[in-house]
Amino acid sequence: MSTPKFRIAICGGGVGGLTLAVALSQYPDIVVDVYEAAQSFCEVGAGLGIWPRSFKVLRKLGHDLEQQLIQRCGYECTEEYVRCINHRKSDQAAGFQLFDLVTKGNQMRFHRADFHGVLLSHLSPSCTTHNAKRLQSYIQPRSRKSPIRLIFKDGSTATCDVLIGADGIKSAVRSCMMRELADVIDPRQKQSVLSCINPVWSGVTAYRTLIPAEKLRARCPNHRVFAGGITQYLGKDAFFLGYPISLGKYINIAGFTLQPDLVSTAYEADPRISRRSFQGKANNEWVGELTAEQFVEPFEDFEEDAKLLLECVEKGTLWAVHTVKTLPTTNFGRVALLGDAAHAMLPFQGAGAGLSIEDAYLLATVLGHKATTLDTVPRALAIYDKLRRPFTSDVALRSRLNGQICAFQTNVPLHKVGKTITKNWEWAWLTELDDALKEAVRLMEDSSIRIS
Ligand SMILES: Cc1cc2nc3c(=O)[nH]c(=O)nc-3n(C[C@H](O)[C@H](O)[C@H](O)COP(=O)(O)OP(=O)(O)OC[C@H]3O[C@@H](n4cnc5c(N)ncnc54)[C@H](O)[C@@H]3O)c2cc1C
């Protein structure tokens, strides 16, 4: 290979980091190293839904990758209008249908491990992966000729020309970047910048599990979750959803409780719930193991249909859902953030992974562009920030609102719930990343345009 134009280090091999590594494979003049904290690249077992907007981005990564993903889903990707999520009012003995969320194109749903496996199998030879490498900090010299120095928790170091923090909600890269920024900005803004380092508890607790589909089928062969699509069982302050994954082998269940009075308070783990360790994953203290009884507790008064599902739960995990404040920037010099590191949000639009895929593709587009050299990397990353940050901040707000509506914590009347939620969510199937990609290329090619 001829001399590479630069070496990119991706910190974090989750959905966003691996998508970036795959997307950069189309640029043979870029050398990529992925540093992952965990011993192996893996995703803990749970479902993952990808909306049409983000799935279209995955398609750009090649026909083979797309086909493998479709195979893992077990159903075709359509452009037709489909009934995607059936919403019920369920916190009463006789639940009833509230509305069907109709989307243009279907949501593609996966077991997270399957999804991860497909990305991993498409990494190019120009990409080297390193496991058990937890980044602690980095040092970015002013001169672009000097490499960025990466310092890992095990004491080892490495260098790169460009660093991308795809290291999730507790991002070490974000922490360093905000400190770098705080050192150079107006001292009056310093505290505000530093307050973006630590994630904030949202008052939301997620309950996650997979149940064997056979177990439910034995009790209730015609249960509505077998009809395909998602069913959301809504109740005051708590709701959950269920849908089949892994070619119908499991039913993924994700439940939520929302405690508005606890937003932005320090999360205090319930001592009755045992803490869980996930193969070196960063967020252990926010994760607990649930018995079946603990899992179903918030949904005890729900309708029969919901109970039938919950009776099949054997155990589950509890996640204290944290978010990241809207950042003043997602780039600084030759360093940028993507995915949860940049905009961890509430999961009520099932969008976080999809957005990290979009971030990754846009980043690969600007970094891989022929106009991007080591000298113009900061401009490329500033273009990325300009095009992505307003968009992802807006989605974060919409996601929060949808959760509040689903938990009946707003004054939206029941008959308007469907319309409000749909309007709030339709960006995920009625818009495309392509406009941002075109704009990014235009800005890259016209260096006279100032990026502010
Ligand atoms: C209950 C729930 C349901 C959800 N459902 C959906 C859904 O259906 N669809 C959807 O799109 N999104 C969903 N999300 C959101 C989605 O899971 C996240 O937004 C997504 O995983 C973010 O991807 P990421 O690559 O940015 O970060 P992560 O997936 O968190 O990956 C970060 C990686 O970095 C590694 N790492 C961390 N620190 C370091 C370090 N210092 N050095 C090196 N490596 C490090 C981690 O080990 C990890 O592998 C859901 C979230 C929740 C809580």
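This dialogue explains how several features of a predicted model are read.

Trainee: Which conventions apply to the model?

Mentor: The model is predicted: local features need pLDDT of at least 70, side-chain atom pairs count only at pLDDT 80 or more, and totals for chains, interfaces and linings use all residues. Residues are numbered from 1 along each chain as its sequence is written, and side-chain values use heavy atoms, with hydrogens and water left out.

Trainee: Which residues of helix α3 are buried?

Mentor: Helices (H or I, at least four residues) and strands (E, at least two) are DSSP runs, numbered from the N terminus. Buried means under 20% relative accessible area, exposed over 50%, and partly exposed in between, with a 1.4 Å probe and protein chains only. In α3, residues 63-73, the buried residues are L65, E66, L69, I70 and C73. Seen down the axis of α3, these fall within an arc of 135°, so they line one face of the helix; the arc is that of the directions from the helix axis to the C-beta atoms. H63 and Q71 are exposed, on the face turned away from the buried side. Just after α3, G74 has a positive phi of about 85°.

Trainee: What covers the buried residues of α3?

Mentor: Contact means heavy atoms within 4.5 Å. The cover includes α1 (15-24), α2 (52-59), β6 (108-111) and α4 (112-120).

Trainee: How many aromatic pairs does the structure hold?

Mentor: A pair of aromatic rings is described by the distance of the centres and the angle of the planes. Rings of Phe, Tyr and Trp (its six-membered ring) pair if their centres lie within 6.5 Å; planes under 30 degrees apart count as stacked, over 60 as edge-to-face and the rest as tilted. The structure holds 16 aromatic pairs. F239 and F348 form a tilted one, with 5.6 Å centre to centre and 50° between the planes. F239 lies in strand β14 (residues 238-245) and F348 in the loop between α10 and α11 (352-368), so the pair ties together parts that are 109 residues apart in sequence. F239 is buried at 2% relative accessibility, and F348 is buried at 7% relative accessible area. Ring pairs also link Y207, Y233, F240, F295, F299 and F302 into a cluster.

Trainee: What does L290 touch beyond its neighbours in sequence?

Mentor: L290 belongs to strand β17 (residues 287-291) and is buried, with a relative accessible area of 4%. Leaving aside neighbours within four places in sequence, L290 contacts Y207, I273, F295, K315, G316, T317 and L318. The C-alpha atoms of L290 and K315 are 5.7 Å apart, although 25 residues separate the two along the chain.

Trainee: How much space lies in the second largest pocket, and what lines the largest cavity?

Mentor: Rolling a probe the size of a water molecule over the atoms shows where empty space is left. On a 1 Å grid over the protein atoms alone, a cavity is a set of points where a 1.4 Å probe fits but cannot get out, and a pocket is an open set with protein on both sides within 12 Å along at least five of seven lines; lining residues have an atom within 4 Å of a point. The second largest pocket holds about 400 Å³ of space. Of its 26 lining residues, V324, K325, T326, A344 and A396 are the closest to its centre. Helix α12 supplies the largest share of this lining, eight residues. The largest cavity, of about 30 Å³, is lined by I50, W51, S54, G350, A351, G354, L355 and W427.

How values were computed. Grid points are joined across faces, edges and corners, and a volume is the space filled by probe spheres set on the points.
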